[in-house]
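Please look over the sequence and the model below before reading the notes on selected parts of the chain.

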Amino acid sequence: MRTYILEREQWLPKAVDEVFSFFSRPENLPAITPSWLDFRMVEAPVALAVESLIHYRLRWHGVPIRWTTEISEWNPPHRFVDRSVSGPYALWNHEHWFAVRGGGTTMRDRVRYALPLGWAGSVAHWMLVKRDMEQLFDFRAQAMRRLFPD
């Protein structure tokens, strides 16, 4: 199984508590997810903690997908990790870091992921998944700039 890594960093002109608070509320996920994924929250706790499960539905290139992630680490307001319990990835581990910097907050993401289906998964990554992941995180960065302006 081939593992891929996507890393992003973004500075926001807001306090770390404010930025972390936004990410700690699952109902905010649709605001930072592009419409082409037709993302829907199915079930989520009001407040996140270790072992919280979040259930989603989405469409990827027309294919309906159900996905469940679990909060595996929770360290407010500096870090949390969500990992896939079930869904489209053979491995999904998304680390979120938040740090005070320059009168605002630096937000870092590191997603380690793998696709199922062996060589077919590698081809899908090369043809679609890598680009879609980059577009998803580009959209998210733009949404965060709109939601947390100077």
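What follows is a briefing on a helix, a tryptophan in a strand, and salt bridges.

The model is predicted. Helix H2 spans residues 118-147 and includes Trp-126, and there is a kink of about 60° in H2, centred on His-125. By the rule applied here, the count of salt bridges comes to 12.

- A nonpolar patch on the surface is formed by Trp-119, Val-123, Trp-126 and Met-127, which together have about 570 Å² of accessible area.

**Trp-11 in strand S1**

- Trp-11 is found in strand S1 and counts as partly exposed, at 34% relative accessibility.
- Leaving aside neighbours within four places in sequence, Trp-11 is in contact with Arg-101, Gly-102, Gly-103, Gly-104, Thr-105, Thr-106 and Asp-150.
- The C-alpha atoms of Trp-11 and Thr-106 are separated by 4.3 Å, although these two residues are 95 residues apart along the chain.
- The side chain of Trp-11 also reaches the backbone oxygen of Arg-101, at 2.7 Å.

**Salt bridges**

- Asp-138 and Arg-8 meet through their side chains in a salt bridge of 2.7 Å, N to O, and this pair links distant parts of the chain, with Asp-138 in helix H2 and Arg-8 in strand S1, 130 residues apart.
- Asp-138 is partly exposed at 36% relative accessibility, and Arg-8 is likewise partly exposed, with a relative accessible area of 26%.
- Glu-95 forms a salt bridge with Arg-79, in which the closest N and O atoms are 2.7 Å apart; because Glu-95 lies in strand S6 and Arg-79 in strand S5 (residues 79-86), the pair ties together parts that are 16 residues apart in sequence.
- Glu-95 is buried, with a relative accessible area of 11%, and Arg-79 is buried at 18%.
- Glu-7, Glu-73, Arg-79, Glu-95 and Arg-110 are linked in a network of salt bridges.
- Arg-131 forms a salt bridge with Asp-132, the closest N and O atoms being 3.4 Å apart; Arg-131 is partly exposed at 38%, whereas Asp-132 is buried at 7%.

Definitions and conventions
Residues are numbered from 1 along each chain as its sequence is written. This is a predicted model: local features need pLDDT of at least 70, side-chain atom pairs count only at pLDDT 80 or more; totals for chains, interfaces and linings use all residues. Side-chain values use heavy atoms; hydrogens and water are left out. Patches are made of residues with over 30% relative accessible area and no salt bridge: like charges are joined within 9 Å, nonpolar side chains (Val, Leu, Ile, Met, Phe, Trp, Tyr) within 5 Å. Accessible areas come from the Shrake-Rupley method with a 1.4 Å probe; for residues, only the protein chains shown count as cover. A salt bridge is a side-chain nitrogen of Lys or Arg within 4 Å of a carboxyl oxygen of Asp or Glu. Helices (H or I, at least four residues) and strands (E, at least two) are DSSP runs, numbered from the N terminus. The bend at a residue is the angle between axes fitted to the seven residues ending there and the seven starting there. Buried means under 20% relative accessible area, exposed over 50%, partly exposed in between (1.4 Å probe, protein chains only). Contact means heavy atoms within 4.5 Å. A polar contact is a pair of N or O atoms within 3.5 Å; within protein, one must be able to donate a hydrogen and the other to accept it, and residues adjacent in sequence count only if both atoms are side-chain atoms.
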